[in-house]
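Please work through each task before reading its solution.

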Amino acid sequence: MATLAAKALKLASFEAENLKGNFMILTLEEKTFLNHSIRDIPDFPKPGIVFKDITTLLSNKEAYSLLMKHLHERYSSYGLTHVAGIDARGFIFGAALAQMLGIGFIPIRKKGKLPYTTVSEKYSLEYGFDEVEIHIDAFSSVEKPKVLLIDDLIATGGTAYAATNLINKVGAQCIEACFILGLDFLDGQSKLKTLTPVYTVIGVE
Ligand code: AMP
């Protein structure tokens, strides 16, 4: 009962936030439809992990189109100059959104993939470290770059935190970080929110 009330409250505050900004609001049915278009793969890439497979959303033309229309409507009034996508699934949503908004797309890649001079940021994984990079001149075409960061999913938030730091390091402002899915039980969003506002289309509890 308490969980139901909490869910209703969460939904109400989400909708109020969206009404305030006059964004297109996804109905509960639309969110459920999008959520069901994503496939769960248990024990991938290792035992205990439920991998959220967004390829089934991408191949579903109604789901992909609904999602992109929603993102386009949400972000068309933000005055963005670029969308930055995280390697690799962030490229799919980010590049499509940038094209719809008529602005540039910037890839944030895993170490060693970008050909020109890069700035890099390390972040910790369960075991060891990983590193993401951005081209040093990524946003040099505009005076005051305003960037939306996008990825398919936020789990612990480490990747997105490092990516937001990179955007700041090369002189741009990260206006918001957007994820199709948020694994709410891992609370990766709290730390990221100290750097930038966070929006998740679907929360997984
Ligand atoms: P994190 O840095 O922990 O927030 O992890 C986020 C990155 O790892 C994103 O680029 C996701 O694509 C990927 N990722 C983490 N957990 C999952 C999962 N359960 N299913 C699919 N992708 C995941």
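**Exercise 1.** Determine what share of the contacts in the protein chain with a separation of 6 or more joins residues 24 or more positions apart.

Solution. Two residues are in contact if their C-beta atoms, placed from the backbone, lie within 7 Å. Among contacts with a separation of 6 or more, residues 24 or more positions apart account for 55%. The model is a predicted one, in which local features need pLDDT of at least 70 and side-chain atom pairs count only at pLDDT 80 or more, while totals for chains, interfaces and linings use all residues. Residues are numbered from 1 along each chain as its sequence is written. The protein chain has seven helices and nine strands; these are DSSP runs (helices H or I, at least four residues; strands E, at least two), numbered from the N terminus. Of its 205 residues, 33% are buried. A residue is buried if 20 or more other C-beta atoms lie within 10 Å of its own, exposed if 12 or fewer, and partly exposed in between, with C-beta atoms placed from the backbone.

**Exercise 2.** Describe how α4 packs against α2 and against α5.

Solution. Begin with helix α2 (residues 28-36) and helix α4 (residues 61-75), whose axes are 10 Å apart at an angle of about 125°. Therefore α2 is oblique to α4. Axes are lines fitted to C-alpha atoms, for helices over the stretch in contact, and angles run from 0 to 180 degrees between N-to-C directions. Angles under 35 degrees count as roughly parallel, over 145 as roughly antiparallel, 65 to 115 as roughly perpendicular and the rest as oblique. Glu30, Phe33 and Leu34 of α2 meet Ala63, Leu66 and Leu67 of α4. This contact has five nonpolar residues, no polar ones and one charged residue. Here Ala, Val, Leu, Ile, Met, Phe, Trp, Tyr, Cys and Pro count as nonpolar, Asp, Glu, Lys and Arg as charged, and the others, Gly among them, as polar.

Next, take α4 with helix α5 (residues 89-101): their axes come within 10 Å and cross at roughly 55°. These two helices are therefore oblique to each other as well. From α4, Met68, Leu71, His72 and Tyr75 take part, and from α5, Ala96, Leu97, Met100 and Leu101. By class, seven residues of this contact are nonpolar, one is polar and none is charged.

**Exercise 3.** Which elements each supply at least two residues of the shell around the ligand?

Solution. They are β2 (50-53), β7 (146-154) and α6 (158-169). The most comes from β7, with four residues. By class, the shell divides into eight nonpolar, five polar and four charged residues.
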